[in-house]
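Hi,

Here is the structure I said I would pass on.

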Amino acid sequence: MNDCAGILLAAGASRRFGTDKRLHRLPDGTPMALSSARHLLAACPRSLAIVRPGDDVLATLLTRAGMPVIVCPDAELGMGHTLAAGVAAAAEASGWLVALADMPYIAGDSYQAVIAALADGAAIARPTFEGRPGHPVGFSAAFKTELLGLRGDRGGKAIIDAHREALRLCPVDDPGVEHDIDTPAAARK
């Protein structure tokens, strides 16, 4: 699983946040999506980000950080389209580590736990904190066709729900795996 590809889903519209949360500065001054990208790149150097058309500022930030950027022309149709675009851009990978731009507090060890589970033969791997599922989620190449076929607002959860028997949970001591930021107050660690 050495050729696992990371996919940073960064094409959301931030409707609940009120402004573009991907560019919201965290307490250390780093834009949220950039922080998420740096953590993903550190754990999985073969990573790319998916953005929506017109995301020039975000695309520039991510590119300067060393993360290739793919524009998903159908991003407004939902996360399924965005994830499918990421898998298509790294179609030759043996698996995909799917991370979210609004989850900047995931520890490197949590990324590594999911990557290790995939390398050990897991078809789907997901971290848990205190028994609750989190992110990132890893998918092996066995799910390539299903990932490429995702549409609408249903992302990888649809595949996990359909293949519960294939899911390997990876307990981690990291609350960051469930720290999804949907409000400015939640951006504080």
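This is a predicted model: local features need pLDDT of at least 70, side-chain atom pairs count only at pLDDT 80 or more; totals for chains, interfaces and linings use all residues.

**Overall picture**

The chain has six helices and eight strands. Following the sequence, they come in the order β-α-β-α-β-α-β-α-β-β-β-α-α-β.

On burial, 52% of the 189 residues count as buried. The accessible surface is about 8500 Å², and carbon and sulfur atoms contribute 54% of that. If you take the contacts with a separation of 6 or more, 70% of them are between residues 24 or more positions apart.

**Charges and salt bridges**

There are 19 positive and 21 negative charges, and their mean positions lie 3 Å apart. Side chains of opposite charge can pair when their charged atoms come close. Here the salt bridge count comes to 10.

The partners come from distant parts of the chain, 33 residues apart: Arg22 sits in the loop between strand E1 (5-9) and helix H1 (32-43), and Asp55 in the loop between strand E2 (47-51) and helix H2 (56-64). Are they buried or exposed? Both Arg22 and Asp55 are buried. They also belong to a network of salt bridges that links Asp20, Arg22, Arg52 and Asp55.

*Glu92 and Arg46.* This salt bridge has an N to O distance of 2.1 Å. Glu92 is in the loop between helix H3 (79-89) and strand E4 (95-100), while Arg46 is in the loop between H1 and E2, so the bridge ties together parts that are 46 residues apart in sequence. Glu92 is exposed, because its relative accessible area of 56% is over the 50% cut-off. Arg46 has a relative accessible area of 30%, so it counts as partly exposed.

*Glu178 and Arg132.* In this salt bridge the closest N and O atoms are 2.8 Å apart. Glu178 lies in the segment after strand E8 (167-171) and Arg132 in strand E6 (residues 132-133), so parts 46 residues apart in sequence are tied together. What is the relative accessibility of Glu178? Glu178 comes out at 30% and counts as partly exposed. Arg132, at 37%, is partly exposed as well.

**A look at Thr128**

Thr128 is part of strand E5 (residues 124-129). Its relative accessibility is 7%, and since buried means under 20%, Thr128 counts as buried. Which residues is Thr128 in contact with, leaving aside its neighbours within four places in sequence? The contacts are Pro133, Leu169, Cys170, Pro171, Val172 and Val177. Of these, Leu169, Cys170 and Pro171 fall within the residue range of strand E8 (167-171).

That's what I have on this one.

Cheers

Terms used: Residues are numbered from 1 along each chain as its sequence is written. Side-chain values use heavy atoms; hydrogens and water are left out. A salt bridge is a side-chain nitrogen of Lys or Arg within 4 Å of a carboxyl oxygen of Asp or Glu. Helices (H or I, at least four residues) and strands (E, at least two) are DSSP runs, numbered from the N terminus. Buried means under 20% relative accessible area, exposed over 50%, partly exposed in between (1.4 Å probe, protein chains only). Contact means heavy atoms within 4.5 Å. Accessible areas come from the Shrake-Rupley method with a 1.4 Å probe; for residues, only the protein chains shown count as cover. Lys and Arg count as positive and Asp and Glu as negative; His and the chain ends are not counted. The place of a charge is taken as NZ of Lys, CZ of Arg, CG of Asp or CD of Glu.
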